[in-house]
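Here are some notes for anyone opening this structure without having seen it before. Keep the viewer open as you read, and click along.

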Amino acid sequence: MTRALAILLFAAAIAFALGPFAAPGFNGFDAGQFPVPQENPPAQPAGYAFAIWGPIYVWLILGAGFQLLRRHDAPDWAPMRLPLIVSLVVGAPWLAVAQVSPLWATLLIWVMWGGAVLALLRAPVRDGAFGHWPVGLYAGWLTAASCVSLALLLAGYGVTDALLAALLTLSLAVVLAGGVILHRPDAPGFPIAVIWALIGVLVANWQDGPVAVLVVVIIGALALAGLAVLRRAQPTE
């Protein structure tokens with residue numbers, strides 16, 4: 001069973017990395033996909049920030065390959081496999097779903113986030129370069145991306161305006177990220193990815209975006225960076 005899950009994880013990582021080929025040219029939700037069109041939503045990072053997916057895809061495959069070849073029977077690797085498999089399998093068709101339905105895409109990305117975070121919390125302490133680093137980057141980016149998707153959904157369906165949706169969901173991303181950092185201070189990939197996303201939001205809003213959004217992302221990024229450094233410096237019990 002353990003080896004079977006190791007094989008499934010490797011297959012899931014490959015399938016996940018092939019996802020963009022099923023939805024070529026996807027650059028985020030179209031404004032017209034919502035009842036209330038979302039033109040330049042303040043919660044969305046600048047386009048360059050999405051380049052983080054390249055390292056995430058490659059690193060997840062490398063990590064999955066390493067655990068299959070070298071750690072398939074290691075007990076400390078076993079707990080994270082199932083939640084990570086669930087996250088990657090759900091994520092494989094995500095881009096294709098997002099082209100059709102922002103509502104379903106938002107629901108799916110929260111499932112992806114839950115699986116990724118649980119996998120990170122269960123990730124082995126050793127072999128960080130193949131274990132918690134790629135999973136941390138993945139979970140960190142999803143922490144921001146799931147909240148951004150929620151912001152677009154709230155504003156796009158008229159639940160609230162785009163500014164309030166951005167402020168609420170970006171604050172939620174910071175709170176969720178802080179909780180994960182408190183539990184896995186030894187996984188620096190996670191805060192790096194979240195802060196990368198927040199900086200992307202900062203860049204997107206720097207010239208003419210709402211000041212309130214700039215304040216939230218600057219304070220949030222600094223708070224997460226400080227928390228990560230402080231928790232990392234604390235002696236392990």
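This is a predicted model: local features need pLDDT of at least 70, side-chain atom pairs count only at pLDDT 80 or more; totals for chains, interfaces and linings use all residues.

1. Residue numbers start from 1 along the chain as its sequence is written.

2. Let's start with the rings. The structure has 14 aromatic pairs. One of them is Phe 16 with Tyr 138, an edge-to-face pair with 5.4 Å centre to centre and 70° between the planes. This pair links distant parts of the chain: Phe 16 sits in helix α1 (residues 2-18) and Tyr 138 in helix α6 (residues 132-156), 122 residues apart. Phe 16 is buried, at a relative accessible area of 3%, and Tyr 138 is buried too, at 0%.

3. A second pair to click on is Phe 66 with Phe 130, which is stacked, with 4.4 Å centre to centre and 5° between the planes. Phe 66 belongs to helix α2 (residues 53-70) and Phe 130 to the loop between α5 (102-122) and α6, so the pair ties together parts that lie 64 residues apart in sequence. Phe 66 is buried, with a relative accessible area of 14%, whereas Phe 130 is partly exposed at 31%.

4. Phe 16 and Tyr 138 belong to one aromatic cluster, together with Trp 53 and Tyr 57.

5. Next, the charges. Side chains of opposite charge can pair when their charged atoms come close. How many salt bridges does the model have? The count comes to 4. Asp 127 and Arg 71 meet in one of them, at 2.7 Å from N to O. Here Asp 127 is in the loop between α5 and α6 while Arg 71 is in the loop between α2 and α3 (78-91), and the two are 56 residues apart. Arg 71 counts as buried because its relative accessible area is 16%, under the 20% cut-off.

6. Asp 76 and Arg 126 also form a salt bridge, again with 2.7 Å from N to O. Asp 76 is in the loop between α2 and α3 and Arg 126 in the loop between α5 and α6, so this pair ties together parts 50 residues apart in sequence. Asp 76 is partly exposed at 27%, and so is Arg 126 at 39%.

7. Another salt bridge joins Arg 184 and Asp 186, with the closest N and O atoms 2.7 Å apart. Arg 184 is buried at 8% relative accessibility, but Asp 186 is partly exposed at 21%.

8. Is Thr 169 buried or exposed? It is buried, at 2% relative accessibility, and it belongs to helix α7 (residues 162-183). A polar atom of the Thr 169 side chain lies 2.7 Å from the backbone oxygen of Ala 165, and this side chain also reaches the backbone oxygen of Ala 166 at 3.5 Å. Further along the sequence, Thr 169 touches Cys 147, Leu 150, Ala 151 and Leu 154.

9. Gln 67, in helix α2, is buried with a relative accessible area of 0%. Beyond its sequence neighbours within four places, Gln 67 contacts Ala 6, Leu 9, Phe 10, His 72, Trp 77 and Arg 81.

10. Last, look at the outside. Leu 103, Trp 104, Leu 107, Tyr 157 and Val 159 make up a nonpolar surface patch with about 540 Å² of accessible area together. Val 159 is in the loop between α6 and α7 and is exposed, at 61%.

Terms used. Side-chain values use heavy atoms; hydrogens and water are left out. Rings of Phe, Tyr and Trp (its six-membered ring) pair if their centres lie within 6.5 Å; planes under 30 degrees apart count as stacked, over 60 as edge-to-face and the rest as tilted. Helices (H or I, at least four residues) and strands (E, at least two) are DSSP runs, numbered from the N terminus. Buried means under 20% relative accessible area, exposed over 50%, partly exposed in between (1.4 Å probe, protein chains only). A polar contact is a pair of N or O atoms within 3.5 Å; within protein, one must be able to donate a hydrogen and the other to accept it, and residues adjacent in sequence count only if both atoms are side-chain atoms. Contact means heavy atoms within 4.5 Å. Patches are made of residues with over 30% relative accessible area and no salt bridge: like charges are joined within 9 Å, nonpolar side chains (Val, Leu, Ile, Met, Phe, Trp, Tyr) within 5 Å. Accessible areas come from the Shrake-Rupley method with a 1.4 Å probe; for residues, only the protein chains shown count as cover. A salt bridge is a side-chain nitrogen of Lys or Arg within 4 Å of a carboxyl oxygen of Asp or Glu.
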